[in-house]
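Dear colleague,

Please find below the structure that I am handing over to you.

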Amino acid sequence: MAYEAPVSDIEFALTAFARIERLQGLPGHEAYDPDLVRPILEEAAKLARDVLAPLNPVGDAHGAVLTADGVVAPPGFGDAYKAFVEGGWMGLAAPEEWGGQGLPKALALGVMEMFHGANMAFGLCPMLSFGAIEALLAHGTDAQRAAYLPKLVSGEWTGTMNLTEPQAGSDVGALKTKAEPNEDGSYSITGQKIFITWGDHDMAENIIHLVLARLPDAPAGSKGISLFIVPKFILDAEGNPGERNGARCIGLEKKMGIHGSPTCVMEYSAAKGWLIGEANRGLACMFTMMNSARLNVGLEGVAVGEAAFQTAFAYAQERKQGTAAGVTGAAPILHHADVRRTLTTMRAKVAAARAICYACGVAADLAHSSPDADVRAAAKMREDLLTPIAKAWSTDVGVEVASLGVQVHGGMGFMNETLAAQLYRDARIAPIYEGTNGIQAIDLVGRKLSGTKGASMQAMLAEVDETVRAARATNDPQLVQIADRLKSASAALSEASDWMVKTLADEPEKGLAGATEYLALAGDVIGGHFLALGAIAARAGQDMDQRARQLALAGFFAETALASAPGRVPAITEGGARFLEGSKALFGV
């Protein structure tokens, strides 16, 4: 099955859901013109379809290889990366002063969705570079920006994040990598990092590692972490790659999926590095990288889900089994109601996740670029609220939809040589990446909800109520029915939010026990809100096919996900309590 980037769906999501037009004319986005959106998406779609998608099974079957000279990317990946660089895709949303194009992050997300959908293993390489660029923009010195940003923005060099160690996974405060000061102002970095995505490869002339390490006099725990730039090749006097640094890949992880992406064990042996930001303030720098990566990982869930839907839909049209009314002989399984229900579930959930991710991207752009302080503050609160939902809910959707894709294929979906099987294996890493989804749920309720005393969710729910009123005002029976479901679901989320804020203040463990269920409910309601908005927007347009499609997606989601929302509140408010009461009997704790 050939991957076809869903250009129209992405454009619709950017305009109807995320309202990207709000960014036109803002500082830093002077180059943005709404008329650019479609041509940029169409050009990216060509690279995704013609170059990246054909390499997806190659990367899965062949994988990256560790040699005496370093890691060699799968066949064809180097040429594909060259095409990516020559197309200027790395710098799409980077500032113009560093060689970027100054376009919105949300538009870059649309492009990256296509690349991840066509070949997730490939897309992971530039995704890590985005985080490195944002960290240097936010925390680097003028000299560091001048030395590294032009080549990172062009894509000639790639970036990595080096956080995890064998004894320190999500608890980065337990890391042991050392940073010893040198007389020339640099540091000697010594230690081992694991699970480093694209930690080494032969596609770019230099790799810029951002490494968390601990200074000799650093406080214990997360307050004693610093961030360092450690290039694979130390820059010479002219700023070009020179002497080989003491940073090497000593092993490749054997994984269930994303075989084309080398996941490296990195050994740092007195590698030369330079401090980014303040000493012992590496956690703040890390979160700049992590928030960028979390939204992009959420987008991976959307992308793999889209690819899984396309693959399953194509198979359902070809595979003949059983009989159906009006069909002579064996009927394509698409004629069977349960298969169509499954495909509709897949498409509706992907559309909802896409809307959440792009809305988060536009909020991030507004928070950074709006000249209005009140708009920046509101947008930042919205970005903070949506980031853990975009990451966790969307990646859970990606796994669910990929699993449903296997189900549509039946026994053939369980065969390793099918794309359906690869997509399922590839999708499974995304809920683990950049803080597991349980951590995202804790972040949502502990920081983003409780940290604003519920105001962030109240503002979101106020917009949901506006959508309810707008849907009812159409007097369209289907939209009114969707509005009724959305109203009940919104009330359920409001009830759960009030309970969560109060409970976290009084009985934090009980509140945290319901955090994952709370995030799932929040994703359903916010996703349903966006789909309803899409149905309203499409109704006002002239494209009758789009109108029917958006109404069908919103209606189906309303009668499935939103209809069950009120019944999910007890799982949040009571499920945690029952779990804690039964923990001793179940686990001895």
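The notes below describe what was found in this structure.

The model is predicted, so local features were taken only at pLDDT of at least 70 and side-chain atom pairs only at pLDDT 80 or more, whereas totals for chains, interfaces and linings use all residues. Residues are numbered from 1 along each chain as its sequence is written, and side-chain values rest on heavy atoms, with hydrogens and water left out.

**Nonpolar cores**

A nonpolar core is here a set of buried Ala, Val, Leu, Ile, Met, Phe, Trp, Tyr and Cys residues joined through side-chain atoms within 4.5 Å. Buried means under 20% relative accessible area, exposed means over 50%, and partly exposed lies in between (1.4 Å probe, protein chains only). Helices (H or I, at least four residues) and strands (E, at least two) are DSSP runs numbered from the N terminus.

The largest nonpolar core holds 171 residues, and Met-114, Phe-115 and Tyr-518 touch the most other members. Helix H8 (residues 337-369) supplies the largest share of this core, with 17 residues. A second, separate core has 20 residues, among them Ala-179, Tyr-187, Cys-249 and Leu-275. In soluble globular proteins, nonpolar side chains tend to be buried together.

Contact means heavy atoms within 4.5 Å. Apart from residues up to four places away in sequence, Phe-115 touches Ala-44, Leu-47, Ala-48, Leu-52, Phe-84, Trp-89 and Met-120.

Helix H5 is mostly covered, with 16 of its 20 residues buried. The expected span of a helix is 1.5 Å times one less than its number of residues.

Helix H6 (residues 142-154) has 13 residues and reaches 18 Å from its first C-alpha to its last, close to the expected 18 Å. Where does H6 bend? The bend, of about 40 degrees, is at Tyr-148, and Pro-150 follows within four residues; the angle is taken between axes fitted to the seven residues ending there and the seven starting there. The buried residues of H6 are Gln-144, Arg-145, Tyr-148, Leu-149, Leu-152 and Val-153. Their cover includes helix H5 (120-139) as well as strands S3 (157-162), S6 (206-213), S7 (226-231), S8 (233-235) and S11 (263-276). After H6 comes Gly-155, with a positive phi near 90 degrees.

Two strands pair if DSSP finds at least two bridges between them. Strand S4 (residues 178-181) and strand S5 (residues 187-197) pair in the antiparallel sense over four bridges, and Lys-178 stands opposite Thr-190 in S5. The two strands form a hairpin with five residues between them, and in the turn Gly-185 has a positive phi of about 95 degrees.

**Salt bridges**

A salt bridge is a side-chain nitrogen of Lys or Arg within 4 Å of a carboxyl oxygen of Asp or Glu. By this rule there are 29 salt bridges.

Asp-200 pairs with Lys-232, the closest N and O atoms being 2.8 Å apart. Asp-200 is in the loop between S5 and S6 and Lys-232 in the loop between S7 and S8, so that distant parts of the chain, 32 residues apart, are linked. Asp-200 and Lys-232 are buried.

Asp-443 and Lys-448 also meet in a salt bridge (2.8 Å, N to O), and both are buried.

Arg-539 forms a salt bridge with Asp-476, with the closest N and O atoms 3.6 Å apart. Because Arg-539 lies in helix H15 (residues 515-539) and Asp-476 in the loop between helix H12 (455-473) and helix H13 (477-506), the pair ties together parts that are 63 residues apart in sequence. Arg-539 counts as partly exposed at 31% relative accessibility, whereas Asp-476 counts as buried at 13%.

Glu-4, Arg-49 and Asp-50 are linked in a network of salt bridges.

**Two further buried residues**

Pro-74 is found in the loop between strand S2 (70-72) and helix H3 (77-86) and is buried, with a relative accessible area of 2%. Beyond four places in sequence, Pro-74 touches Gly-59, His-62, Gly-63, Ala-64 and Gly-260.

Thr-503 lies in helix H13 and is buried, with a relative accessible area of 8%. Leaving aside neighbours within four places in sequence, Thr-503 is in contact with Pro-508, Lys-510 and Gly-511.

With kind regards
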